[in-house]
Structures are given as structure tokens and as C-alpha cells.
Amino acid sequence: MKKMISPGFVAEILGAAFTMALTGALVAWLFRKVTRIGLLPSYALGITVMTFVAAALYVSGHDGTVDYLSAWIKYAIGGVVGFLILYTTSRSIRHRAGRSARHNCSPQKAGRPDNRVDLCRLPRTLAFATAGSSK
């Protein structure tokens with residue numbers, strides 16, 4: 001009986017996944033520096049670009065013994081796994097899920113008048129105001 005998926009194929013997919021996660025994140029970072037694009041769309045765009053580049057490098061490293069389509073399919077599967085790695089380890093997603101009111105406070109920028117209440121100082125201000133009125 002022939003095995004459907006060989007251990008070598010699984011190793012190539014895992015290698016492609018880590019390669020796509022690292023290089024896709026690097027390209028995504030460059031995209032975010034150049035344009036105004038969100039974190040997850042930049043990850044998707046970076047991984048998509050790198051699947052084509054990595055497959056071409058893979059084929060050129062094998063002196064034409066591997067066809068481009070099979071290399072691209074391996075890197076595309078690795079890109080999906082790499083995107084899932086980036087998605088689950090993304091700081092903005094984890095940060096949004098556990099955000100509370102105390103995380104919403106930020107210091108006001110100097111030279112920029114702002115009429116919003118500073119949520120960081122509000123509890124201390126209320127504590128001082130109520131401590132003096134209990135006489």
C-alpha cells in the first residue's frame with residue numbers, strides 16, 4: 001500500500017510555512033511602511049507575493065528538475081499555514097480580544113489641545129476629590 005503523504009512532503013510544507021511566515025511578515029512590514037494598510041491585509045499580501053518569489057527561488061535552486069507549479073503549490077499550502085501562524089500570534093488580534101478600559105488610556109500629545117478625559121488619571125482624581133469631601 002502506497003502512502004498518500006510522505007514525511008518528506010510534510011517537512012517541505014512545514015519548512016515552507018515557516019519561510020512564508022517570516023518572509024511574508026518582513027514584506028508585510030515593508031508594505032505597512034510604504035502604504036496605509038492594516039496588519040492582517042499586509043500579512044496576506046506579503047505572503048502572497050512571497051509564494052511566487054519563493055517558488056521561483058526553489059525551482060532555480062534545483063536546476064530545472066522541479067517544475068514551477070508543484071513548487072508554487074507547496075509554497076501556497078505553506079503560505080496558508082504561515083498566515084495562520086501570523087494570525088494567531090498577531091499582537092493586534094490578541095490585544096483587541098483582552099482589551100479593557102484601562103488599556104484605552106494614552107497620554108495626550110504635547111502641543112495638541114484635546115478635550116477628552118484622561119482615563120489614566122480619572123481614578124486618582126476621583127479618589128482625591130472624594131477624600132477631601134468626607135470631612
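The protein chain exposes about 10,200 Å², of which carbon and sulfur atoms supply 66%; accessible areas come from the Shrake-Rupley method with a 1.4 Å probe, and for residues only the protein chains shown count as cover. This is a predicted model, in which local features need pLDDT of at least 70 and side-chain atom pairs count only at pLDDT 80 or more, while totals for chains, interfaces and linings use all residues. Residues are numbered from 1 along each chain as its sequence is written, and side-chain values use heavy atoms, with hydrogens and water left out.

**View 1. The overall fold of the protein chain.** Of its 135 residues, 19% count as buried (under 20% relative accessible area; exposed is over 50% and partly exposed lies in between, with a 1.4 Å probe and protein chains only).

View 2. Helix α2 covers residues 39–61, and its 23 residues should span 33 Å at 1.5 Å a residue (the expected span is 1.5 Å times one less than the number of residues). The end C-alpha atoms are 32 Å apart, which agrees. The buried residues of α2, among them Tyr43, Ile47, Met50 and Val59, pack against α1 (7–34) and α3 (68–88). Just after α2, Asp63 takes a positive phi of about 55°.

**View 3. The largest nonpolar core.** A nonpolar core is a set of buried Ala, Val, Leu, Ile, Met, Phe, Trp, Tyr and Cys residues joined through side-chain atoms within 4.5 Å. Of the 15 residues in the largest such core, Met20, Ala71, Tyr75 and Leu86 touch the most other members. Helices α1, α2 and α3 each supply at least two residues of this core, and the largest share, six residues, comes from α2. Leaving aside neighbours within four places in sequence, Leu86 is in contact (heavy atoms within 4.5 Å) with Ala21, Ala25, Tyr43 and Ile47.

View 4. The elements that give two or more residues to the nonpolar patch are α1 and α3. Val81, found in helix α3, is partly exposed, with a relative accessible area of 31%.

Conventions:
Helix = DSSP H or I, 4+ residues; strand = E, 2+ residues; numbered from the N terminus.
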